[in-house]
Amino acid sequence: MTQSAAGVMDAVLHDPEKPVPPSGPAWGAVISLSLGTFGLVTAEFLPVSLLTPLAHDLGISEGAAGQAMTATAIVGAISAPTVAIITKRLDRRTVMWTMTLLLILSDVLAAGAWSLAALLTARVVLGIALGGFWSMSAALAMRLVPSHLLPRAMSIILTGVSVATVCAAPIGAYVGDIWGWRSAFMLAAAGGVATLLVQLITIPRLPPIGVASFRSLLDVAKIPMVKIALLVVLLVASGHFAGITYIRAFLEKIPALDVETISLVLLAFGIGGFFGNLAGGLLAEYSLKAVAALAPLLIAIAAVSLLTAGASALASAIAVAAWGFAFGAVPVGLQTWMVRRAVPEQAQSAGVLLVTVFQVAIAAGAIFGGLLVENAGVTSAIAYSAVATSVAALIVFLLGPKRET
């Protein structure tokens with residue numbers, strides 16, 4: 001172990017509340033966590049851009065293929081608290097390495113899937129990795145840098161989400177069109193291997209402290225403002241994923257775009273998400289309530305625009321880009337809201353709750369969206385997105401944080 005890495009460990013062992021100096025290895029570890037979030041988000045949302053060819057190749061409907069998102073989300077919701085609790089005696093770096101190994105395995109299994117059951121197995125493995133990784137990332141960031149640099153560390157970690165949002169959908173659609181959808185998953189697996197190598201080099205020893213327990217989860221969940229935040233998470237995430245999971249099907253049917261154009265529209269969605277993440281971070285420093293309310297409101301406006309003017313290719317592209325911008329700001333606003341309403345020693349428990357509810361919402365959105373698509377057409381899923389996110393924005397305006405902290 002390097003001297004600086006030992007310093008990080010000693011600071012944690014002797015005083016868990018003491019800020020850890022931002023040494024080189026600590027910042028390298030933060031960057032490795034960003035790479036991890038990039039790999040997870042890329043793998044989780046690849047089915048969005050590959051839905052049509054994937055469904056055709058496996059001989060299933062688009063609605064059934066969309067349930068690959070559901071499987072990942074359900075398992076992620078279960079694994080978030082489970083992994084945090086059953087690994088409470090393990091060094092946190094060992095746990096993170098294991099989650100990255102599962103990410104790689106899930107991508108390889110998905111690339112070789114020959115049936116819906118095989119695909120769902122791969123997505124279950126991904127769900128375990130996703131829930132375990134996300135539930136610990138914020139708490140680990142608090143141990144890797146001083147408290148006053150935590151926003152910078154979280155920004156770096158969330159950059160992985162933003163870049164994946166930019167790259168995953170358009171590159172997945174493009175690679176899938178050129179070499180087949182299986183090649184997209186193999187490319188993601190290769191990225192996971194590179195991420196694991198960086199993590200093996202950079203993450204210092206992180207003995208478990210302040211780990212989550214069922215009691216600590218209940219204590220955090222009892223905080224009134226946390227309850228409201230979780231309700232907003234449920235509405236925003238379910239509304240978003242009910243619609244965005246089937247956005248390719250919408251673009252193929254309503255404005256009738258070709259694959260190349262759809263790739264560009266999805267790229268616009270990703271770029272919008274990248275800038276939305278930056279804008280959300282800046283706005284959260286001045287008004288947490290504004291970013292928490294305006295993001296879902298903009299998603300609702302984008303969804304309504306697709307329903308009313310979606311036959312126009314330009315209008316659809318603008319609406320999808322605006323949707324991406326809005327959702328890019330969602331994690332920043334909601335995560336900041338949760339962290340500010342929990343005391344420092346509850347950080348991991350707050351992270352576990354946020355990930356669990358977020359994954360439940362993804363599952364609910366994907367399931368409900370799939371049922372709507374199968375029985376009432378793809379536009380009905382977009383309509384649900386508009387309703388759910390509108391209600392979320394209203395709740396924040398009426399019951400959101402009254403005092404900026």
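Arg-248 itself is buried, with a relative accessible area of 6%. The structure is a predicted model, and its chain holds 15 helices and zero strands.

A search of the whole structure finds three salt bridges, which are set out below.

| Salt bridge | Closest N and O atoms |
|---|---|
| Asp-57 and Arg-182 | 3.2 Å |
| Arg-205 and Asp-91 | 4.0 Å |

The salt bridge between Asp-57 and Arg-182 links distant parts of the chain, since Asp-57 lies in helix H2 and Arg-182 in helix H7 (residues 181–202), 125 residues apart. Both partners count as partly exposed, Asp-57 with a relative accessible area of 44% and Arg-182 at 28%. The salt bridge between Arg-205 and Asp-91 likewise joins distant parts of the chain, with Arg-205 in the loop between H7 and helix H8 (214–221) and Asp-91 in the loop between helix H3 (62–86) and H4, 114 residues apart. Here Arg-205 is partly exposed, at a relative accessible area of 35%, whereas Asp-91, at 15%, counts as buried.

Turning to the interior, 58% of the 405 residues of the chain count as buried, and the largest nonpolar core has 125 residues, those with the most contacts inside it being Ile-247, Trp-323 and Trp-337. Helix H2 (residues 24–58) gives the most to this core, with 15 residues. Leaving out residues up to four places away in sequence, Trp-323 touches a set of residues that includes Gly-239, His-240, Phe-269, Ile-299, Leu-306 and Ile-382. Across the chain, residues 24 or more positions apart account for 86% of the contacts with a separation of 6 or more.

The accessible surface of the chain comes to about 15,600 Å², of which 72% belongs to carbon and sulfur atoms. On this surface, a nonpolar patch of about 700 Å² is made by Leu-283, Leu-294, Leu-297, Ile-301, Leu-394, Phe-397, Leu-398 and Leu-399. Helix H12 (288–309) and helix H15 (378–399) each supply at least two residues of the patch, and H15 gives the most, with four. Phe-397, placed in helix H15, counts as partly exposed at 41% relative accessibility.

Two further residues deserve a note. Ile-171, in helix H6 (residues 150–179), is partly exposed, with a relative accessible area of 41%; the C-alpha atoms of Ile-171 and Leu-267, 96 residues apart along the chain, are separated by 8.2 Å. Ala-256, in the loop between helix H10 (247–253) and helix H11 (259–284), has a positive phi of about 55 degrees although it is not a glycine, and Ala-256 is exposed, with a relative accessible area of 53%.

As for confidence, the mean pLDDT of the chain is 80, and 86% of its residues reach 70 or more. Among the elements of the chain, helix H4 (residues 92–111) has the highest mean pLDDT (93) and helix H1 (residues 3–14) the lowest (36). Over residues 1–25 pLDDT stays under 50, although the model has 39 contacts beyond four places in sequence for this stretch. Where pLDDT is low, the predicted coordinates should not be read in detail.

How values were computed:
Residues numbered from 1 in each chain as written. Predicted model: local features only at pLDDT ≥ 70, side-chain atom pairs only at ≥ 80, totals over all residues. Heavy atoms only, no water. Patch = residues over 30% accessible without salt bridge, like charges linked within 9 Å, V, L, I, M, F, W, Y side chains within 5 Å. Areas by Shrake-Rupley, 256 points an atom, 1.4 Å probe, with all protein chains shown as cover. Salt bridge = Lys/Arg side-chain N within 4 Å of Asp/Glu carboxyl O. Buried < 20%, exposed > 50% of the residue type's maximum accessible area, 1.4 Å probe, protein only. pLDDT = per-residue confidence, 0-100. Contact = heavy atoms within 4.5 Å. Core = buried A, V, L, I, M, F, W, Y, C linked by side-chain atoms within 4.5 Å.
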